[in-house]
Structures are given as C-alpha cells and as structure tokens.
Amino acid sequence: FTMRPLVLSITLGLVAAFRQRSPSRARVRLHSLTEDVSAAFAGVVQDAGESADALASSGRSALQKLEAPTRKQEAFRFSKVPDLLKAFQWRAPPSSARSAAGLTDEALQQLLPSGPRVVVVDGLVRAELSEVGDLALEALSAPEAQELLGDINELDENPRIAQGSAPFMAVSLAVAPDAVVLRAPKGYEAAEVLQVLHVITEGSEPTMLCPRLCVIVEEDARLRVVERFLSVGEGEANLVNSVGKAKLAKGAYLEHAIVNELAQRDSLVQSVNASVGDEAVYNVTALSVGASVARFNLQVDLSGVGSIAECVGVQLTGPEQAHETYASIAHIGEDCESIQQQRNVIAKAGEAVFRGRIDIGQDAAGTDSDQLCRTLLLEDGARITAMPSLTVINENVAAAHGATVADLDEESIFYMRSRGLSLMDSRKILMRGFVEEFLGRVEVAGLDERLQEKVESIAPKGDQAAKRFFQSI
C-alpha cells in the first residue's frame, strides 16, 4: 500500500518527460527519413553526374520532394523493395563500356528473336541490332516523348492510396541515359509482334539500370509489343528500374506483354502508365517468373469515352522469391470497361502481393468493371497478401471485385491418379491449367518450354498439403 504514491509519482514524471521530448523526437525521425532518401538513391544520382537535360533536371527536383520507400508507407507495407534498397549501396553503370565488356556481339546475336525487335543492353538502345521494319524509332527529344516520360506518376498522390511508383520514376528520369520511343502512325496495323529485348549483363558491383519504353499509338492504329527482361552472365546483383509509358489516341489498339525472366541475382521494379483515349483498347499481360524481388506498378487511365482496358497478371513464385503487383485502373470517361485478372502460383518460402484498385469517378457513368485475384498455394510457408479494392462515386455502374485462395485440389489429384498419372504429373497438370488460359497472350519463342521447367521446379515433391497463409486487407 505504501508503494502506490511512489509508483504514481514515477508514472507522472515519465509522462511529463515524454511530453517535453516528443517534438524533438519527431524532428529526428523526419530527419532520418530524409537521410534514407540519400542512402537509397544518392549513389546512383551521383554516378550519373550533372546534366543540362530538362528531363534529368525535373527528375532531380522531384527526388527532393519524395521519401525513400519504407515499410511505414502504405504502398510498401508488405513489400520486399525497402529491404532490397537497404541491402546494397546501388550505383549507376559507369558507362556503356560495361555492356561491351560483359557481352560480346556474337553471344548477343544468339539471344536475338526473329522478326521485328528493339535490343536494349543495360538500358542503352543498340540500334545496329534492332530491326523495326516500317515502324520507325523516334528520338528521345521528340516533344510528345518528352511530355510522356517527364510525367511522374503519383507525384502528388495521397500516400494512403499511392501505388509507390513515384520514387522510381523520379530516379529513372534523373539518371536514365536512353529510351525506346515507338510511334504507330494513324491507321497503322502491325503484321507481327514487335519484341523489345532488355538484356541485363553482369557487373562488378550492385548496379541500378533504368531502361525506358515510350509507346505512342495514333488514331485507329494497331500495335503489339512484347517486353522481355533477360539476365546473362554472373556477377553482382542488378536492380532493373524500368519505366513504361503508353498513350492511345481515339480508336487505337495496343497489346502489351511483359515477361520477367531475370536471374535470381537480379531484381525488377517496373512502373507502367497508360492513357487510353476514346474507344481505344489497351491489353496488358505481365508474366513474372524470374528475379529475387519483382514489383509491377501499373496505372491505367481510361480518360476517353468508351475506352477499354484488360489487365492480366501471372506470377509463378518459387522459393525465396517475392513477386508483387500493384495495379490501379481509373475510370474517368463514360461507358468505359475494365477487366483485371490476377493469377498467383506460390511455392514453399515464396511470397506474393496483389494490390488492385479500381476508381470509378463521378463522371464515369456506364462503367463496367470486374476485378478478380486467384491464388494457388503449393506448400507450407507459401504466402499471399491480397488487397482488392473498389471505389465508386457514381450509381450508374456495374462493378465487382474479389480474391480467392486455394491449394492443390485433392479430389482432382485423386481422379488423375486413378487414371494412371503419377502424383507429380497430376500436380503439374493442375498448376499449368491454373494459368494456361492467359499464357497464350504472350508470344515469345521457347517461352512455353521455359514455363514448363519453372512449373516442374516449384511443384511440391512431398505428400503434405499446404497450410494456407492468406491475408486479405
């Protein structure tokens, strides 16, 4: 009983001390976040050097306003990217000499796809190895390309709903030396798929590479583009910070496929922004099988009347891999339609994140929108965080969203085994069937065989069923 006044006195003293010190503690915390920005990107910006280029200047200015990604930010709360930025002191490549030293032209020739192509090695366009047919490559200095690439997505966005692309777009703008700029003129119709091959070579220190793609599709033009990311050689880790911009005029059609086949040593952060005009169609498919950490940021603005977007994501996540998709579709104009389908197959010790957002604005009457994330967990320790969301400010719409999680169906496995198939073959068939309907959207030579190898490598080897770890927010 005699101890109570002493305890009360100590408690009141601690509260008073906390109140006196809390303002200075807040200042220290903000200061440390500012230092984190320097720690994350200063090496890359410093290596790139000062530039009189207007885009680089605007990128440097934007970096002064932004915080480095941390787990305390909503866009990175479940992401591995903040850990990745802290794990290495990232540098910019010293010069184009790295590409020449790390990969001979003879070796590069063996990687080239047949048909129309643009070859990009460590972020630099190799025009002598590219063949675009009747579709000309435009200069980076073209006014429309400057406008598109200079627009940093989410720069002034509310941090609670931002997808997290602004810091990476800003650093790309500040340091990227080159860009692929494609223009499909009015009425153009591509006979074949154009492949943009991003080759990432080996380096002697952790390096951030910043390839960029800008696609302008004019009125009633049709274009099909496949972006493929490929690692060669050994060496230190690379962080590929890729930025893509697309602008579709009235009646335009763009089919955009993205294939991540990077080596386990490398990581990928890709930010894609598409503006879709009246009665235009944007179809994007993102297939992620490689890299230790891969994050796909997608922003689609349906700004025209009757514009359409179909967004498909497939993540085959193996052990010690983290694949993340953060997608946002904004319905701005009337009578627009969007379909978002996500498929995740996650092995033991693999992690995946899906955060999908559909915004239907006040003027977006007649909207038809559907969003669904489906996940297959293969073994114990597989983890998925699913965050589908829908914001509607208009009553005249049809919209739905959701997420499902399952493991390998034991009844289906029993049926196939009763027909003579082995346990392993039954599992591989179920895994392949889970994503099969979307794989035909990607036209890359040899991809089917490589996907089959990936499926076989992550298929469960034992008899134990998965214990699900599912988090929906």
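Biologist: Among the protein's contacts with a separation of 6 or more, what share comes from residues 24 or more positions apart?
Modeller: They account for 85%. The model is predicted. A contact here means heavy atoms within 4.5 Å.

Biologist: What elements does the protein have, and how much of it is buried?
Modeller: There are ten helices and 20 strands. Of the 473 residues, 52% are buried. The accessible surface comes to about 20,900 Å², and carbon and sulfur atoms hold 51% of that.

Biologist: Take glutamine 163. Why is glutamine 163 called buried?
Modeller: Its relative accessible area is 1%. Buried means under 20%, so glutamine 163 qualifies. The residue lies in the loop between α6 (143-150) and α7 (166-175).

Biologist: What does glutamine 163 touch, beyond residues up to four places away in sequence?
Modeller: Its partners are Ala75, Glu154, Arg295, Asn297, Tyr326, Ala327, Ser328, Arg355 and Arg357.

Biologist: What makes the approach of the glutamine 163 side chain to alanine 327 a polar contact?
Modeller: A polar atom of that side chain lies 3.1 Å from the backbone oxygen of alanine 327. The cut-off is 3.5 Å. The distance is therefore within the limit.

Biologist: Arg295 and Tyr326 were both on that list. How do you know that arginine 295 lies over the face of tyrosine 326?
Modeller: Arginine 295 is 3.7 Å from the ring centre. The distance limit is 6 Å, and the charge must also be within 35 degrees of the ring normal. Another such case is arginine 222, whose charged end sits over the ring of tyrosine 253, 4.2 Å from its centre.

Biologist: How many aromatic pairs does the structure hold?
Modeller: Two. One of them joins phenylalanine 76 and phenylalanine 168.

Biologist: Why is the pair of phenylalanine 76 and phenylalanine 168 called tilted?
Modeller: The planes stand at 50°. Under 30 degrees would be stacked, over 60 edge-to-face, and the rest count as tilted. So this pair is tilted. The ring centres are 6.5 Å apart, and pairing calls for centres within 6.5 Å.

Biologist: Are phenylalanine 76 and phenylalanine 168 buried or exposed?
Modeller: Phenylalanine 76 has a relative accessible area of 1%. For phenylalanine 168 the value is 0%. With the limit at 20%, both are therefore buried.

Biologist: Now helix α2. Which of its residues are buried?
Modeller: Leu55, Ala56, Gly59, Arg60, Ala62 and Leu63.

Biologist: Why do we say that the buried residues of α2 line one face?
Modeller: Looking down the axis, they fall within an arc of 160°, so they line one face of the helix.

Biologist: What caps the N-terminal end of α2?
Modeller: Aspartate 53 does, with a side-chain oxygen 3.0 Å from the backbone nitrogen of leucine 55. The limit for a polar contact is 3.5 Å, so that pair of atoms falls within the limit.

How values were computed
Residues numbered from 1 in each chain as written. Predicted model: local features only at pLDDT ≥ 70, side-chain atom pairs only at ≥ 80, totals over all residues. Heavy atoms only, no water. Helix = DSSP H or I, 4+ residues; strand = E, 2+ residues; numbered from the N terminus. Buried < 20%, exposed > 50% of the residue type's maximum accessible area, 1.4 Å probe, protein only. Areas by Shrake-Rupley, 256 points an atom, 1.4 Å probe, with all protein chains shown as cover. Polar contact = N/O pair within 3.5 Å; in protein donor to acceptor, adjacent residues only side chain to side chain. Phe/Tyr/Trp six-rings, centres within 6.5 Å; stacked < 30°, edge-to-face > 60°. Arc of directions from axis to C-beta.
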